[in-house]
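Student: I would like to go through this model term by term, asking at each step what a word rests on. Could we start with the way the chains are divided?

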Amino acid sequence: MRSDPAEYKLVSPGNLQAALSLLAGEPAQWLPIAGGTDLMVLYSAGKLPNRKLINIWNIPELGQIEVFPDRVRIGAACTYTALREHDIVSREFPLLAMAASWTGGIANQNRGTLGGNIANASPAADSLPALLVYDAELTLISVRGERRVDYRSFHTGYKQTALAADELIRDISLPRRFSGYISHARKVGTRNAQAISKVCLAALGQIANGAIRDVRLALGSVAPIPLRLNETEHALTGKRIEPSLIDTARKCAAKEIRPIGDIRSTARYRAAVAGNLVAEFLEKFAAAEANA
Amino acid sequence: MNPSPETGAKCEVLFTVNGEAKKVLAHPMERLLDVLRNELELTGTKEGCGEGECGSCSVLLDGMLVNSCLVPVAQASGASIVTIEGISAHALMNPLQEAFLECGGAQCGICTPGMILAAVHLLEKKPEPALADIREGLAGNLCRCTGYMQIFEAVARAARRRVRK
């Protein structure tokens, strides 16, 4: 049943400190809301547990993309549109810009935020595998201070994160050292726009002296959390890309994931497609190297 | 806006709708869609899915295309909103309206206000869109009548006419 707006409170503190004070005053009571592309869906369906919301859409400190010599710092409330339109992000972090272009449609990209996607912690979110392969680091902030968390350790279980009840994600920091990598992203879903992925892949790789020097693979929709394929990466590092290696990687990836069957797909299909996407990346990777 | 003191309290929201300053008294979590339709009687904005999938409720919020079913009205405080009613004054309206009529871009009409708003938003950013741009620009707007090709052609035709002028 639809929610009654009279039962909800939404305040607009307008600045970060005031928002953090509210969160600290009554931890776990308040829920931050930015673009609302996830929370308003729950709200409309009568499934939003919190009755008190803090509007963080209009907080200037959360909306900037700052470029430093060694990293790019993305404010948590930056929208997908802002990411797509940002010159450095689209040039140096194409996997993120591409994932942003797959998220919803234009109207949702104008409202949906990267920090919101992270905090919502859906294992099917398209932008999260890109953050995993780019070694993203999160700054979490509360009245107690700031702390930095490797994004790789942020998701602790299905819809569970390292975020404390009084904390906000302030920014997402990406090191600027991947522009020399071959990158590949692929979403498999009923369609790119709007549809939620059955499987999506973000992959980066670098070859030196004919062998894989570094490879980074992350998949969405195949486990309770967005997943880095550590074992598959390990099996590939230092090797030459040959048909037998591609076959090994395909099998390793299919074994490493923990997919479920749900309304969008079956676990068996997801395992087969995950392996195929990794194989497709390796073929592209080898071809790019051959042409280099 | 003033923070509402208690759950259940309404707040005053001031914004500009189709160029006119408006003041409404609403619960801050009321959907912008409902305020537009019920309080301001701007019923050109349609509700389709109510969950940001179909684009029927598209409006421009400070020039950005948004699904008004996903915007709590308090977040529209101070904003400038343009609905399909306000688009009639837009320079793109005549070419779009003509092209939609000529190409059969509207049938039942429920998606049409959203399609027009999405097309305006696209053509403001890209006055000479490729077909891929049109498909992407309208990808968040569902139509169950036309099969889309007539709509894509209408937007392409409107863009060509506008560029020629």
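Tutor: Domain bounds come from an automatic or database domain assignment. On that basis chain B is divided into domain 1 (11–86) and domain 2 (93–164), and the centres of domain 1 of chain B and domain 2 of chain B, taken over C-alpha atoms, are separated by 22 Å. This is a predicted model, in which local features need pLDDT of at least 70 and side-chain atom pairs count only at pLDDT 80 or more, while totals for chains, interfaces and linings use all residues. Residues are numbered from 1 along each chain as its sequence is written, with chains lettered from A and ligands numbered from 1 in the order in which they are written.

Student: What makes residues of domain 1 of chain B count as in contact with domain 2 of chain B?

Tutor: Two residues are in contact if their C-beta atoms, placed from the backbone, lie within 7 Å. By that criterion 13 residues of domain 1 of chain B are in contact with eleven residues of domain 2 of chain B. The largest share of this side of domain 1 of chain B, three residues, comes from strand S3 (residues 58–61) of chain B, where a strand is a DSSP run of E with at least two residues and a helix a run of H or I with at least four, numbered from the N terminus.

Student: Which residues of chain B touch chain A, and how many of them are called nonpolar?

Tutor: In total, 30 residues of chain B are in contact with 26 residues of chain A. Strand S4 (64–67) and helix H4 (112–125) of chain B each supply at least two residues of that side of chain B, and S4(B) gives the largest share, four residues. Ala, Val, Leu, Ile, Met, Phe, Trp, Tyr, Cys and Pro count as nonpolar, Asp, Glu, Lys and Arg as charged, and the others, Gly among them, as polar; the side of chain B that touches chain A accordingly has 14 nonpolar, 13 polar and three charged residues.

Student: Why are S11 and S14 of chain A said to stand at the edges?

Tutor: Two strands pair if DSSP finds at least two bridges between them, and four strands of chain A form an open, antiparallel sheet in the order S11-S12-S13-S14. Strand S11 (182–188) and strand S14 (227–228) of chain A each have a single partner strand, so one side of each is left without a neighbour in the sheet. S11(A) and strand S12 (residues 199–208) of chain A pair over seven bridges in the antiparallel sense, and Lys187(A) stands opposite Cys200(A) in S12(A).
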